[in-house]
Amino acid sequence: MKVAVQSAPFDLGAELAGFGVGRSDVGAVVSFTGVVRDDSGAMEALELEHYPGMTQRAIAQIVDQAVTRWDLADVIVIHRHGRLGIGEQIMMVATAARHRAAAFESAEFLMDYLKSRAPFWKKEHGRDGTSWVAAKDADEDALKRW
Amino acid sequence: MIDVLYFAWVRERIGLPREQLETQAATVNDLVAELRAREPRYEAAFGDLSALRVALDQDLSDFDASLEGVREVAFFPPMTGG
């Protein structure tokens with residue numbers, strides 16, 4: 001299991017190259033990468049503030065829940081903070097399991113919980129000023145399916 | 001003494017990321033009431049509690065939770081990770 005909270009970029013290829021490899025109990029690897037997008041056409045950067053001290057622990061607790069619920073051979077969560085440009089990677093999740101259902105479902109579970117329970121706050125920097133990204137009701141509702 | 005931390009727009013409205021307070025507040029709600037009575041900038045941050053979340057010693061908690069033994073309280077808007 002790997003949980004990393006960092007401002008530096010990560011190398012998705014390098015992270016996945018050795019993930020779940022060389023094990024006899026891994027038949028499925030799923031990964032998700034979140035990328036900074038610009039919906040308005042006027043965005044210049046996305047800033048992620050976080051709660052040092054709580055962030056690592058909150059993510060580790062979410063990973064623990066996933067491992068309890070699905071039979072996972074390995075998990076990676078990397079989440080960046082700081083100022084990120086359009087197209088930059090924000091975070092990644094990877095899961096390795098015996099079967100694909102567990103790998104897909106646990107990756108979705110991790111994403112749903114990271115979205116609403118990991119202490120990050122996004123602020124958009126645009127040509128017209130800055131604005132905090134509001135949490136969506138749909139994100140909170142997404143937790144109910146688990 | 002208790003450490004009180006603010007994040008995102010809560011930090012911006014109050015104008016500082018953290019402070020140490022001497023308080024007799026028994027619950028988070030009591031602490032919020034104390035803060036709101038201090039200055040308008042706190043009222044601006046705490047006016048609508050439904051827009052806020054609270055963590056006690058770095059675990060998510062509730063506004064009616066006790067502050068007994070708590071060393072660090074953090075206030076912030078709903079999280080937007082991922």
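A nonpolar core is a set of buried Ala, Val, Leu, Ile, Met, Phe, Trp, Tyr and Cys residues joined through C-beta atoms within 7 Å. In this predicted model, the largest such core holds 51 residues, and the members that touch the most others are Ile62(A), Leu110(A) and Phe7(B). In soluble globular proteins, nonpolar side chains tend to be buried together. Leaving out residues up to four places away in sequence, Leu110(A) touches Ile62(A), Ala66(A), Val77(A) and Val93(A).

Four of its strands form an open sheet of mixed pairing, in the order β1-β4-β6-β2. The edges are taken by β1 (2-6) and β2 (28-35) of chain A; each has a single partner strand, so one side of each is left without a neighbour in the sheet. From one strand to the next, the twist averages 5°.

Helix α3(A), residues 100-117, lies across β2, β4 and β6 of chain A and runs at about 145° to β6(A).

The length of α3(A) can be checked against its residue count. At 1.5 Å a residue, its 18 residues should span 26 Å, and the end C-alpha atoms are 25 Å apart, which agrees. The buried residues of α3(A) include Ala102(A), Ala103(A), Phe109(A), Leu110(A) and Leu114(A), but also Asp112(A), Lys115(A) and Arg117(A). Among the elements that cover the buried residues of this helix are β2, α2, β4, β6 and α4 (137-142) of chain A.

Further along chain A there is another strand pair. Strands β7(A), residues 120-126, and β8(A), residues 129-132, pair in the antiparallel sense over 4 bridges. These two strands form a hairpin with 2 residues between them.

Chain B has a sheet of its own. Five strands form an open sheet in the order β2-β1-β5-β3-β4, again with mixed pairing. Here β2 (18-21) and β4 (59-61) of chain B stand at the edges with a single partner strand each, so one side of each is left without a neighbour in the sheet. The twist in this sheet averages 30° from one strand to the next. Strand β1(B), residues 2-6, pairs with β2(B) in the antiparallel sense over 4 bridges, and Val4(B) stands opposite Glu19(B) in β2(B).

The two chains meet through 13 residues of chain B and 21 residues of chain A. On the chain B side, α1 (8-14) and β5 (72-76) each supply at least two of the residues that touch chain A. What is the make-up of that side of chain B? It has 9 nonpolar and 4 polar residues, and no charged ones.

Ala8(B) is buried, because 23 other C-beta atoms lie within 10 Å. Arg13(B) is also found in α1(B), but with 16 other C-beta atoms within 10 Å it is partly exposed. Apart from neighbours within four places in sequence, Arg13(B) is in contact with Arg41(B), Ala44(B) and Ala45(B). Arg13(B) and Asp30(B) are 17 residues apart along the chain, and their C-alpha atoms are separated by 20 Å.

Two loop residues of chain B complete the tour. Asp57(B) is found in the loop between β3 (53-56) and β4 of chain B. Its phi is near 45°, a positive value in a residue other than glycine, and with 14 other C-beta atoms within 10 Å Asp57(B) is partly exposed. From Glu22(B) to Ala33(B) the C-alpha distance is 14 Å, over 11 residues in sequence.

Key. Residues numbered from 1 in each chain as written. Chains lettered and ligands numbered in written order. Predicted model: local features only at pLDDT ≥ 70, side-chain atom pairs only at ≥ 80, totals over all residues. Buried ≥ 20, exposed ≤ 12 C-beta atoms within 10 Å, placed from the backbone. Contact = placed C-beta atoms within 7 Å. Pairing = 2+ DSSP bridges. Axes fitted to C-alpha atoms, helices over the stretch in contact; angles between N-to-C directions. Expected span 1.5 Å × (residues − 1). Nonpolar A, V, L, I, M, F, W, Y, C, P; charged D, E, K, R; others polar.
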